[in-house]
Amino acid sequence: MQQLLDQIVKECAPLSEAGHVADYIPELAKANPKSFGAAVTDKDGKQWASGDADETFCLESIAKVVSLALALQLRGFDDVFDRVGRSAIADPFNSIMRLEMDSPHRPHNPMINSGAIVVVSLLPQEGVEAKIGAVLELCAVLSGQKIAEVVERVYLSEKFTSDRNRALAYFLRSVGSLEGDVEDTLDVYFRMCSIGTTAKQLSVLGATLACNGRNPLTGQDVISPTVARTVRALMMTCGMYDGSGEFAVDVGIPAKSGVGGGIVGTVPGRAGLAVYGPSLDERGNSVAGVAAMKRLSLEGGFRVI
Ligand code: DON
C-alpha cells in the first residue's frame with residue numbers, strides 16, 4: 001500500500017497545474033497550488049500516508065458530512081429529511097436558481113450549500129458557541145483527534161466574502177424553509193467550513209464512516225450505523241456536486257470534496273481514503289485529488305460500485 005500511495009502521489013501531483021486554487025475567499029487563495037498528499041486508514045486502524053498528508057487545510061464543504069451526521073443523530077431522520085431533500089442535482093454547490101424554480105423551495109440535498117445551511121439551523125444546541133462546539137467535538141472524535149479547531153483567519157475571510165451564502169439563507173427564510181436566527185446559522189456554517197484538518201486526519205474520518213460509525217483508531221462508537229450508512233449514501237450521490245455522477249462512474253467510492261482542496265472517500269467495511277491538493281477544477285474539486293482517488297480506487301481495489 002505504501003508503495004502504491006507514493007507512486008500515485010508522485011504521478012498525480014503535477015496534474016495540479018491544470019487547476020486553480022479557490023480565490024473567491026481571499027484566505028484560500030493563499031494555499032500553495034503545488035501541495036499534494038494522500039492518506040489511507042483501514043478498518044484495523046493501520047495508516048499509510050504520502051506527500052503533504054500532514055499539511056493543515058480547511059474542511060470547507062467536507063464539514064457538511066459532519067453537520068449532517070450530527071443533525072441525523074440528534075434530530076432524527078424525519079426532522080432532517082422533511083426540510084432537506086435527498087436528490088442529486090447537476091448544479092454548482094452554491095447555485096440559487098433551482099431553489100426558486102422548484103416547489104417546495106427546499107434544498108435538494110444536504111451536501112450543497114443551501115442544504116447544509118438548513119441542516120445547521122436544525123442542530124438542537126442553543127446559540128452559535130454551543131452549535132459549533134458540538135460540530136467540533138464530533139469532527140474530533142470522527143477523525144480520532146483530541147480536539148478540532150476553527151482556523152480563525154479563514155473563518156473571518158469566509159464571513160466577509162459571503163454574499164452568495166447570505167443570499168441563499170435569506171431566500172430560504174423568505175420562503176419559510178429556514179427557521180431561527182439567520183446570521184447565527186450562517187456564522188456556524190462559516191466556522192465549520194473553516195475547521196482545520198489534514199489528509200491523515202480526514203482518512204480516519206472516512207474510515208469511521210466506513211466502519212459504520214466506529215472509529216478504528218480509538219474503538220469508539222461515534223455515530224450509529226444507520227447514520228453512517230445514510231451519510232455514505234448521500235456522499236455517493238451528491239458529495240462531488242455536479243461532478244458526482246462522473247465520480248461515481250470513474251471512481252466508484254462515496255466521497256466528499258471541499259474547496260480547501262480535500263477529498264475524503266469511504267469504502268464500507270474497509271477503509272477511509274483522503275487526498276489534499278488545493279488546485280481545483282471548475283466544479284470546485286481538487287484536480288490532482290480526483291485523479292489520485294481514481295487510481296487508488298482502481299489500483300488499490302477500493303471501488304465499491
Ligand atoms: O460555502 C462556501 O462557499 C465554502 N465555504 C464551502 C464551499 C465548498 O467547499 C464547495 N466545495 N467544493
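**A helix contact and its surroundings**

Mentor: In this predicted model, Tyr155, Glu158 and Lys159 of helix H7 meet Asp187, Phe190, Arg191 and Cys193 of helix H9. Sorted by class, the residues of this contact comprise three nonpolar and four charged ones, with no polar residue. Helix H7 covers residues 152-159, and its axis lies 8 Å from that of H9, at an angle of about 135°.

Helix H9 leads on to the largest pocket. Residues 182-193 form H9, and this helix supplies at least two residues of the pocket lining, as do helix H5 (113-122) and helix H6 (127-142). The volume of the largest pocket is about 330 Å³. Its lining consists of 23 residues, and those nearest the centre are Ser121, Leu122, Glu179, Gly180 and Thr185. By class, the lining holds seven nonpolar, eight polar and eight charged residues.

Helix H5 in turn directs attention to the loop that joins helix H4 (97-101) to H5, where Pro104 is located. The peptide bond between Ser103 and Pro104 is cis, with omega at about 0°. Most peptide bonds are trans, and most residues other than glycine have a negative phi. Glu60 sits in the loop between strand E3 (57-58) and helix H2.

The axes of H2 (residues 63-75) and helix H11 (residues 225-238) come within 10 Å of each other and cross at roughly 140°. H2 is therefore oblique to H11. The crossing of H2 with H11 is right-handed. On the H2 side, the contact is formed by Val65, Leu68, Ala69, Leu72 and Gln73, while H11 contributes Val227, Thr230, Val231, Leu234 and Met235. Eight residues of this contact are nonpolar and two are polar, and none is charged. For H7 with H9, by contrast, the classes are three nonpolar, no polar and four charged.

Notes. Residues are numbered from 1 along each chain as its sequence is written. This is a predicted model: local features need pLDDT of at least 70, side-chain atom pairs count only at pLDDT 80 or more; totals for chains, interfaces and linings use all residues. Side-chain values use heavy atoms; hydrogens and water are left out. Axes are lines fitted to C-alpha atoms, for helices over the stretch in contact, and angles run from 0 to 180 degrees between N-to-C directions. Helices (H or I, at least four residues) and strands (E, at least two) are DSSP runs, numbered from the N terminus. Angles under 35 degrees count as roughly parallel, over 145 as roughly antiparallel, 65 to 115 as roughly perpendicular and the rest as oblique. A crossing is left-handed if the near helix is turned anticlockwise from the far one by less than a right angle, and right-handed if clockwise. Contact means heavy atoms within 4.5 Å. Ala, Val, Leu, Ile, Met, Phe, Trp, Tyr, Cys and Pro count as nonpolar, Asp, Glu, Lys and Arg as charged, and the others, Gly among them, as polar. On a 1 Å grid over the protein atoms alone, a cavity is a set of points where a 1.4 Å probe fits but cannot get out, and a pocket is an open set with protein on both sides within 12 Å along at least five of seven lines; lining residues have an atom within 4 Å of a point. Grid points are joined across faces, edges and corners, and a volume is the space filled by probe spheres set on the points.
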